[in-house]
Amino acid sequence: MTPQIGLYERQASKPNEASSSHESQIAALLATFRAHPRFILTSHSRPDGDAVGSVLALAEILGQLGRKVDIILADPVPSTYSTLPNLDRIHHAPSANDINPDQGTPAILLECDGIARTGLLGLEGRTLINIDHHASGRPFASVNWIDEHACAVAAMIYRIAVAANVEITPSMATCLYAAILSDTGAFTYSSTTADTFALVHDLAAHGANPSQIARDIYSSNPASKIRLLGIALSNLQTEDDLAWTWVTGEDMDRIGAVAEDCEGVVNYLISIASVEAAVFLREVSDANQFRLSIRSKGKIDVAQIAEHFGGGGHRNASGCTIDGPLGVATERILTQLRTGLC
C-alpha cells in the first residue's frame, strides 16, 4: 500500500458530510478546469511559501490536464523560496491584463478572501475560482472550495492532484512539501495531524528531499534578516500573557532590510513560556501604517482580531494592517488582545 492510497483509504473509512462535501467541491473544480483551455493563476500579495509552492504545483497539475496557465503574482517571491523548481514560470505584474488581456480567461485565486487580497488589477469581470484554507475565507467566486481544517492550501492542491489522477512529479512534490513545511511552522502548528505526515511522507516518496528543502527555507537567511531580528528582540515588551515588538521603516533602511526579512520574527515572541499571544509590528514605508503578524497558543482566536482590522488568517496565526503612528497602532492591537485574553 502506498502512503497516498493509505491516506485516502483512512479518510474513506470514516465517511462524513464534510468529506463528501470536499469531494463534490473537488469534482466541481476539475469540471471547471476541463471546461477552459487557459487559466490565470494567482495568490495573495506578499506571497509566502504556501502561496508560491501551491501555485507552482497547481500549474503542473493543469499542464498535465492539457491546460495552459499564466502564473501572475503582484509581489516578488521571497528569496527563501528561490530554489523551488519552475520558479521562472511566475510573472510579476501590477495587472493580470499585462500578461493575459483576454477577459474570457478564468482566474484561480489561492488563499484569498477576494480579488483585493491578490494586489492585482485586471481580475474584475473574469470568472473566478477560489481555493482557500483560512478561517476568514469566504465564497466570493463562481466555484469555491474552502477547507479551514487543511494544514495548508498545498494539502488541498495535493488532493486535487490525486483526484485528477495526474503524476506527482519530483518538482510538484518539492513545491508542495516546501509549502506545507512553511505553513505548518515546520510541523509545529495545531493544524498538523497524522494525515499531514502521511501526506508529506508520500511527497518524499515522490521525490521531495525533506532535509534539502528545510535547509533552503531555514538556513539560507541574509545577514539583514538576522540584524533585523536583533533590533526586534531589543524592542521586546511583555505584559502578563502578551508580548509585542516592532521595527520602524528607519530601522529597516539603516540595515538594508526588506519586508521579507520580517518573516518569522513573531515566532520568537510566541515561543516565550508565559506568553499566550504575541504581535510583531512592521512599519510600512511612506504609508504611516503598520503591518501586523499575530500569533496565539490557542487561548485567543487571533483570526477574529485580525478580521476586526480588515485582515484575516487562522485561529493561531493571522495578520492585518493598522494605521499609525506606532503608539496608536500598538495600543489598538493590545486593547483587542487584552480583551481576548480575559
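**View 1. N209 has a relative accessibility of 38% and so counts as partly exposed.** Buried means under 20% relative accessible area, exposed means over 50%, and partly exposed lies in between (1.4 Å probe, protein chains only). The model is predicted: local features need pLDDT of at least 70, side-chain atom pairs count only at pLDDT 80 or more, and totals for chains, interfaces and linings use all residues. Residues are numbered from 1 along each chain as its sequence is written, and side-chain values use heavy atoms, with hydrogens and water left out. N209 sits in the loop between α6 and α7 (210–218); helices (H or I, at least four residues) and strands (E, at least two) are DSSP runs, numbered from the N terminus. From C-alpha to C-alpha, N209 is 8.6 Å from Y177, although 32 residues separate the two in sequence.

**View 2. Helix α5 (residues 170–183) packs against helix α6 (residues 194–205), with axes that come within 9 Å and cross at roughly 150°.** Axes are lines fitted to C-alpha atoms, for helices over the stretch in contact, and angles run from 0 to 180 degrees between N-to-C directions. The angle makes α5 roughly antiparallel to α6 (under 35 degrees is roughly parallel, over 145 roughly antiparallel, 65 to 115 roughly perpendicular, the rest oblique). The crossing of α5 and α6 is left-handed, a term used if the near helix is turned anticlockwise from the far one by less than a right angle, with right-handed for clockwise. On the α5 side the contact (heavy atoms within 4.5 Å) is made by A173, L176, Y177 and I180, and on the α6 side by T196, L199, V200 and L203. Seven of these residues are nonpolar, one is polar and none is charged (Ala, Val, Leu, Ile, Met, Phe, Trp, Tyr, Cys and Pro count as nonpolar, Asp, Glu, Lys and Arg as charged, and the others, Gly among them, as polar).

**View 3. Helix α4 (residues 153–164) packs on α5 at an angle of about 150°, with the axes 9 Å apart.** Helix α4 is therefore roughly antiparallel to α5. A154, A155, I157, Y158 and A161 of α4 meet M172, L176, A179 and I180 of α5. This contact has nine nonpolar residues, no polar and no charged ones.

**View 4. The axes of α5 and α7 come within 10 Å and cross at roughly 55°.** With that angle, α5 is oblique to α7. The crossing of α5 past α7 is right-handed. T174, Y177, A178, L181 and S182 of α5 meet P210, I213, A214, I217 and Y218 of α7. By class, eight residues of this contact are nonpolar, two are polar and none is charged.

**View 5. The model has three aromatic pairs.** Rings of Phe, Tyr and Trp (its six-membered ring) pair if their centres lie within 6.5 Å; planes under 30 degrees apart count as stacked, over 60 as edge-to-face and the rest as tilted. F33 and F39 form an edge-to-face pair, 5.7 Å centre to centre and with 80° between the planes. Both F33 and F39 are buried. The ring centres of F187 and F197 are 5.3 Å apart and their planes stand at 45°, so this pair is tilted. F187, in the loop between α5 and α6, and F197, in helix α6, are 10 residues apart. F187 counts as buried at 19% relative accessibility, whereas F197 is partly exposed, with a relative accessible area of 43%. Ring pairs link F187 and F197 with Y177 into a cluster.
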